[in-house]
Amino acid sequence: MQTHGRADCEIMIPAYRADHDLCAEAFIAGTADGWTAAPLSAEGKASRFRGHVWSVGECMFTDVQLGAFAFKVEERHFQNQGPYALFERTITGTTYGVNGGEDYRLAQDSIHLNGQRKARDLITKSIRVQEAVIPKAALGLQVGEAIKDQMLWPRSSTVRLLFAEWTSLYHGLVRGEKLVAKSALDRLISLLKIALGADPEREDVRAQARDALRRQICRFIEQHLSSPALSVEMLLHKFGVSRASLFRMFSEFGGVRAYIMERRTFRAVLDIWNADGARGSIQAASERYGFSSAPNFNRAVKRLLGDSR
């Protein structure tokens, strides 16, 4: 690893930057080893991939903007992940999906350790995502060791410090700095190691219980999306929570009704994509998930995908 010294004895590591602006076809061809992808065009806008990639020592950092795409990761893609751990932080936009059979939503308030060993179907809205690719060995993991998916939330002081270090490092890279302090990189990696090994019992117990209940409710919703009986009242009865508590759990979506609508829209779009243009697939998918008319379904899709430039 090449390093440079400064007068204050700080060790600096070169950051080699590459810029990309790819059409959908070039992006799909260049990333085919990792997934199967297809563009989803909303309002006639073409999906593109734009971003920056920095090589810093043995690590890689990316800051990319991606239009509306559908992704499918299958078992045949797992072997292509290599001896690295992938951390993702969404800056703007949302990724929706099904990850290992469970609902998946990568939003702006977490860092996601992508375990890369689960089959998944994903749809991206217009998003900006930062990714850190770290050697497993630097995290104290064996090269061949399987990694479990984890979400790191800024609840503990360690993860809040992690967010601050992440933000600081990317601020310098995006601003065009060509050198990264080795101490800054070491701090980031150390905080990732601590966060991944943190004992969940040290977190707020009530928050952990609330999160566990929310995951159960999300799983139940996912299993009943095509059922006309799925409703707020069904969830209240099934899980014994108050209406106010249920709303608070899904307040980031505008309430549980909005969350259910989002998931139904995602599933319908996914079914249409998997049907590969079969005649009648749009009507069948929209009716399967309870959309009363084509205009209602079109409005829901536009809300989900937004402007896909």
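Predicted model: local features only at pLDDT ≥ 70, side-chain atom pairs only at ≥ 80, totals over all residues.
Biologist: Thanks! Where does Leu196 lie?
Modeller: Leu196 is part of helix H4, residues 182–196. Helices (H or I, at least four residues) and strands (E, at least two) are DSSP runs, numbered from the N terminus. From Leu196 to Val159, 37 residues apart along the chain, the C-alpha separation is 9.5 Å.

Biologist: And Thr158, which helix is that found in?
Modeller: Thr158 is in helix H3, residues 157–175. Leaving out residues up to four places away in sequence, Thr158 touches Leu191, Ile194 and Ala195. Thr158 and Ala195 are 37 residues apart in sequence, yet their C-alpha atoms are 6.4 Å apart in space.

Biologist: Let's zoom out. How many helices and strands does the protein chain have?
Modeller: The protein chain has 10 helices and 14 strands. Of its 309 residues, 43% are buried; that means under 20% relative accessible area, with exposed over 50% and partly exposed in between (1.4 Å probe, protein chains only). Among contacts in the chain with a separation of 6 or more, 73% come from residues 24 or more positions apart.

Biologist: What about the accessible surface of the chain?
Modeller: The accessible surface is about 16200 Å², and carbon and sulfur atoms hold 51% of it. Those areas come from the Shrake-Rupley method with a 1.4 Å probe; for residues, only the protein chains shown count as cover.

Biologist: On to the open sheet: in what order do its 5 strands come?
Modeller: The order is E3-E6-E11-E8-E9, with antiparallel pairing; two strands pair if DSSP finds at least two bridges between them. Strand E3 (36–39) and strand E9 (102–106) are the edges, each pairing on one side only. Neighbouring strands here are turned by 15 degrees against each other on average, direction ignored. For angles in general, axes are lines fitted to C-alpha atoms, for helices over the stretch in contact, and angles run from 0 to 180 degrees between N-to-C directions.

Biologist: How many bridges join E8 to E11?
Modeller: There are 5, between E8 (residues 95–99) and E11 (residues 120–124), and the two run antiparallel. Thr95 stands opposite Thr124 in E11. E8 is also joined to E9 by 5 bridges, again antiparallel, and Asn99 has Glu102 in E9 as its bridge partner.

Biologist: What do E8 and E9 form?
Modeller: A hairpin with 2 residues between the strands, and Gly100 in the turn has a positive phi of about 60 degrees.

Biologist: Which strands does helix H8 lie across?
Modeller: H8 (residues 256–274) lies across E3, strand E6 (69–73), E8, E9 and E11, at about 75 degrees to E8.

Biologist: How do H8 and H9 cross?
Modeller: The axes of H8 and H9 (residues 281–288) come within 9 Å and cross at roughly 155 degrees. H8 and H9 are therefore roughly antiparallel: under 35 degrees counts as roughly parallel, over 145 as roughly antiparallel, 65 to 115 as roughly perpendicular and the rest as oblique. Ala268, Asp271 and Ile272 of H8 make the contact with Ser281, Ile282, Ala285 and Arg288 of H9.

Biologist: And H8 with H10, at what angle do they pack?
Modeller: About 100 degrees, with the axes of H8 and H10 (residues 294–305) 10 Å apart. H8 and H10 are therefore roughly perpendicular to each other. Met261, Phe266 and Ile272 are among the H8 residues that meet H10, where the partners include Phe297 and Leu304.

Notes:
Residues numbered from 1 in each chain as written. Heavy atoms only, no water. Contact = heavy atoms within 4.5 Å.
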